[in-house]
Amino acid sequence: MNSSFAQSRLQALQPGDADYAILLDLATPHARKATGLALNLKIDELDRQGDWAFMRSQMRGADGRRPDWSASVYAEQAAAGGMSDTYAALFKRNGDRWSLVAEAVAPGDVAWESWPQQYGAPASLFGY
């Protein structure tokens, strides 16, 4: 099999995959900083295609429940019902190092819809 073909296929990462832990460890501090909360991420999907990866997850408090937004920078928005628990992130690998390219914190819509055009990530990574 051609290795460039294998690298361009979409791969759903699983907890045992090396990049799974790396990307989760990279995203979590960003989510915490963005919200001001000590939260964890529960991954719904984490896909890699070539040097790109996309994560969609749910933000959870230390107790595993929805975050207490009243103690965050999103308190007013949450009180108005304009919050989701979603955290999405786009990553790019350069050599053997991953970096966070974009994130969506508690979006009310599909905030990553423009990311393929905006950042040059493959649209298939997002299911398009």
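Colleague: What makes helix α2 a helix lying across the strands, and which strands are they?
Modeller: Helix α2 covers residues 18–35 and lies across β2, β3, β4 and β5. Contact here means heavy atoms within 4.5 Å. Helices are DSSP runs of H or I with at least four residues, strands are runs of E with at least two, and both are numbered from the N terminus. The helix runs at about 45 degrees to β5; such angles run from 0 to 180 degrees between N-to-C directions, with axes fitted to C-alpha atoms and, for helices, over the stretch in contact.

Colleague: What kind of model is this, and which atoms and numbering does it use?
Modeller: It is a predicted model, where local features need pLDDT of at least 70 and side-chain atom pairs count only at pLDDT 80 or more, while totals for chains, interfaces and linings use all residues. Residues are numbered from 1 along each chain as its sequence is written, and side-chain values use heavy atoms, with hydrogens and water left out.

Colleague: What makes β2 and β3 a pair?
Modeller: Two strands pair if DSSP finds at least two bridges between them. Strands β2 (residues 40–49) and β3 have nine, in the antiparallel sense, so they count as paired. Asn40 has Arg60 in β3 as its bridge partner, and Glu45 stands opposite Arg56 in β3. In the hairpin of β2 and β3, two residues lie between the strands, and Gly50 takes a positive phi near 60 degrees.

Colleague: How many bridges join β3 to β4?
Modeller: Seven, and the two strands run antiparallel, with β4 spanning residues 86–94. Gln58 has Thr86 in β4 as its bridge partner.

Colleague: Which strands make up the sheet, and in what order?
Modeller: The open sheet has five strands in the order β1-β2-β3-β4-β5, with antiparallel pairing. β1 (10–12) and β5 (97–105) are called edge strands because each pairs on one side only. Neighbouring strands of this sheet are turned by 25 degrees against each other on average, direction ignored.

Colleague: Why is β3 described as largely enclosed?
Modeller: Buried means under 20% relative accessible area, exposed means over 50%, and partly exposed is in between (1.4 Å probe, protein chains only). Eight of the nine residues of β3 (residues 52–60) are buried, so the rest of the structure largely encloses this strand.

Colleague: Why is the contact of Arg48 with Asp19 called a salt bridge?
Modeller: The rule asks for a side-chain nitrogen of Lys or Arg within 4 Å of a carboxyl oxygen of Asp or Glu. For Arg48 and Asp19 the closest N and O atoms are 2.3 Å apart, so the pair qualifies. Arg48 is in strand β2 and Asp19 in helix α2, so the pair ties together parts 29 residues apart in sequence. Arg48, at 17%, is buried, and so is Asp19, at 12%.

Colleague: How many salt bridges does the rule give, and which residues are linked in a network?
Modeller: The count is seven, and the network links Asp19, Arg48, Asp51 and Arg93. Asp51 and Arg93 meet at 3.1 Å, N to O. Asp51 is in the loop between β2 and β3 and Arg93 in strand β4, 42 residues apart. Asp51 has a relative accessible area of 37%, so it is called partly exposed.

Colleague: Where does Asp85 find its salt-bridge partner, and is Asp85 buried or exposed?
Modeller: The partner is Arg60, with the closest N and O atoms 3.2 Å apart. Asp85 lies in the loop between α3 (75–79) and β4, and Arg60 in strand β3, 25 residues apart. At 8% relative accessibility, Asp85 counts as buried.
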